[in-house]
Amino acid sequence: MNTWHTLISLLPFEWAQFGFMRTALLAILIVSPLFALMGTLVVNNRMAFFSDAIGHASLTGVGLGVLLGMANPLGALVGFALILGIGIIALQRFTRSAMDTVISLSMSFSVALGVVLLSRGGNFNKFSHYLIGDLLSITNQEIAQLLVTSVVVGGGLLLGYNRILFIGLNESLARSRGMNAWWTQMLFCTAIVMVVTMNLSWVGILIVNSMLIVPAAGARNIARNSRQYVLYAVAIALFSGIAGLIASYSFNTATGASIVLVAMGCFVVTLGIKAARSASPIR
Amino acid sequence: MELDHHKGVARHLCGECCTKLENINVTLDGRRVLEDISLHLHCGELTTLVGPNGAGKSTLLRTLLGEVPHTGILHFLPVFGHGRPDAPAMGYVPQQLEFDRYSPISVLDAFSSALSRWPVALWHSRRHRQTALDALAAVHAEHLINRRLGELSGGELQRVLLALSLTPVPNLLLLDEPVSGIDLPGRELFYRTVSELRHDYDLSILMVSHDLAGITAVSDRIVFLNHRIVCAGTPAEVIANPEVRRTFGLEISDSPRA
């Protein structure tokens, strides 16, 4: 940790002189690749709306945590998001309803419940930092937490990558090869919940899903296979993470949102590359 | 029908009943889709399922895949395959692969992700690339290995899926209208490949098809299904059946429709 701070403070930039900026930079370097890797699978398996619901469900998790008098609502957060995620998948499977309707219903319910719980007594403003997030307040202890969960979830994702990819391609085909779609989907859902809830306090509920989706969506425009897909997504996530952090310092804006804006810029660039490629006669 | 079901099995093959369906009934949403289906599939034999639309042909395949609740007994030859313990190693080529055409998944990615746990997001092992190349070569598609799945034409995709379903070689191959939407030369190539496979690997194949003209030459047995088995036998026997002739319009013009 100390080595990191010493090294970065040698950089000839004004922002590198502040401890909170160096810690934030480290956090970005840890979680960006994980967000990107997970995002590629979320987008491939058409679960972008699902992970959005998980993010919004966190509002209720915070509300429940407060109601139960928890000092740190993380437990309630993870618990509620997990129940909601598994509930959505089960509901969709057993009722065979359209996924978007089921998700929309669950999201309406959890957001409404969350707002009702948190606005009791008119104190909603106290919790508004959960909406926007605050990366610059991240502490060294939280960095350690992030590192551990990122390594665990990232390792799990890599272990299950092929399976999740193949089941996302076509479930019947996967079943014919003896793959169990239900368990894979459950474990993937757990991984999404872990990543979203662990990063909530610094990214914010409103944009946590963008961190997952935007780099992957951009990479998808230009990638021709899975390896390129993940590689480009990680590159976009790292670039927009660092650039967004510096921009948020310079313009005094919320870090998470600044990162997402840079990532959106990257997305537009990849769209341009895609258009240029299909316009040129030789590929 | 029970007595003569071994008729038509090629002499040099084992001719054993690899897969047995006994009195299978399937009810979906209160509607009886399959009624009392008893059918034996033999090694080295190509059985084709024909019948009108909505007759339950695809449902029968999905029942074999274990996706549809049913009554009756499914018996598979006990093998140590890559499937579940109660099912043999199955290969499956769906009617039309429903997938996201813009996914950056290459043909090699599809093979590697099915065959190994080493994440395709990192790199492919040389061994799996060679396995994929060999499998693709068998269906004349090795040049497609680095293409995206979404870029393939209908015929190319079916051939790639066939190659995938044969890696590793299953005991039972299920083909659901594999040639729908494929041009005539593509169909011929597909049928020729399938025909060679059953002899080379001694595997049982169950194929759903509407293409009566194309399948009579390659099938060992044809089963005419309309919720129940109307008739089953050699291609010549089934074509002679009046209900089959009516369904396929063979009474009006004497040649089968393409």
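1. L49(B) stands opposite V223(B) in β8(B). The strands involved are β3 (residues 46–50) and β8 (residues 221–226) of chain B, paired in the parallel sense over four bridges. Strands count as paired if DSSP finds at least two bridges between them. Helices (H or I, at least four residues) and strands (E, at least two) are DSSP runs, numbered from the N terminus.

2. Some ground rules. The model is predicted: local features need pLDDT of at least 70, side-chain atom pairs count only at pLDDT 80 or more, and totals for chains, interfaces and linings use all residues. Residues are numbered from 1 along each chain as its sequence is written, while chains are lettered from A and ligands numbered from 1 in the order in which they are written.

3. The sheet of chain B is open, with six strands in the order β5-β6-β7-β3-β8-β9 and mixed pairing. Its edge strands are β5 (90–93) and β9 (228–233) of chain B, each pairing on one side only. From one strand to the next, the twist averages 15°.

4. Helix α4 (residues 154–165) of chain B lies across β5 and β6 (172–176) of chain B, and runs at about 170° to β5(B). Axes are lines fitted to C-alpha atoms, for helices over the stretch in contact; angles run from 0 to 180 degrees between N-to-C directions.

5. Chain B as a whole has eight helices and nine strands. Of its 258 residues, 45% are buried (20 or more other C-beta atoms within 10 Å of the residue's own, C-beta atoms being placed from the backbone). Among contacts in chain B with a separation of 6 or more, 68% link residues 24 or more positions apart. A contact needs C-beta atoms, placed from the backbone, within 7 Å.

6. Chain B is divided into domain 1 (1–89 + 171–258) and domain 2 (97–167); the bounds come from an automatic or database domain assignment. Their contact takes ten residues from domain 1 of chain B and nine from domain 2 of chain B. On the domain 1 side, helix α5 (residues 184–201) of chain B gives the most, with five residues.

7. Between the chains, the contact takes 26 residues from chain A and 32 from chain B. On the chain A side, α2 (19–44), α7 (140–169), α8 (171–176) and α12 (226–251) each supply at least two residues. The largest share, seven residues, comes from α7(A).

Definitions and conventions:
Two residues are in contact if their C-beta atoms, placed from the backbone, lie within 7 Å. A residue is buried if 20 or more other C-beta atoms lie within 10 Å of its own, exposed if 12 or fewer, and partly exposed in between; C-beta atoms are placed from the backbone.
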